[in-house]
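Here are my notes for you after a look through this one. Keep the 3D view open as you read, and find each residue as it comes up.

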Amino acid sequence: MTLLLPVPAGADALTATLEDGTELARLDVPEGAEWCVLWNHSVKGFPVSDCYQNRAGRMVLVHAHLPDFAAGLDHIPGRGRQVTDGQGGYFILDIDEPVPGNAYILRPGAGPVNHRLQVGDSIVSLSAVAPHERVRIALERIQNR
């Protein structure tokens, strides 16, 4: 299922597209708004999140939540600060890392990994529509049409 929500012309949108240009999602993310990429760890199954913010039209990684130091999850010293989540996991706060080109490629995991985009109450499962595909996640300025 593709989720396309109206985005006003001249606004910023988070888009998810396939290599052939097929749009999987378009979500309004005004300046200052945050969104997250959520997924379930492939071995342990717990939810993980990387959260971004629209800062003057730039995609900036701002914080992450990692419930465990499981395979592939770690904090890189000097890249944000690690604090406990009070439940055995941790947050990495103040990452403040701009994403080059305002976009990156994600290959959504299939099944229970369930890579998702969350903007406010809207959640789009990329795994449900494009498992193992190259999906471009981008913050884009929507021009007048």
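Predicted model: local features only at pLDDT ≥ 70, side-chain atom pairs only at ≥ 80, totals over all residues.

1. Start with the cysteines. Searching the whole structure turns up 1 disulfide. Its two ends are Cys36 and Cys51, with the sulfurs 2.0 Å from each other. In case the word is new: a disulfide is a covalent bond between the sulfur atoms of two cysteines.

2. Now see what that bond links. Cys36 belongs to strand β4 (residues 34-40) and Cys51 to strand β5 (residues 47-55), so the pair ties together parts that are 15 residues apart in sequence. If you look along the S-S bond, the torsion is about 100 degrees, so this disulfide is right-handed.

3. Are the two cysteines buried or exposed? The cut-off for buried is under 20% relative accessible area. Cys36 comes out at 13%, so Cys36 is buried, and Cys51, at 3%, is buried too.

4. Strand β7 (residues 81-84) pairs with β8 in the antiparallel sense, over 4 bridges.

5. Finish with Tyr90, which sits in strand β8 (residues 90-93). Its relative accessible area is 1%, so Tyr90 is buried. Look for Leu66 as well: Leu66 and Tyr90 are 24 residues apart along the chain, yet 5.5 Å separates their C-alpha atoms.

Definitions and conventions
Residues numbered from 1 in each chain as written. Heavy atoms only, no water. Helix = DSSP H or I, 4+ residues; strand = E, 2+ residues; numbered from the N terminus. Buried < 20%, exposed > 50% of the residue type's maximum accessible area, 1.4 Å probe, protein only. Disulfide = S-S within 2.5 Å. Pairing = 2+ DSSP bridges.
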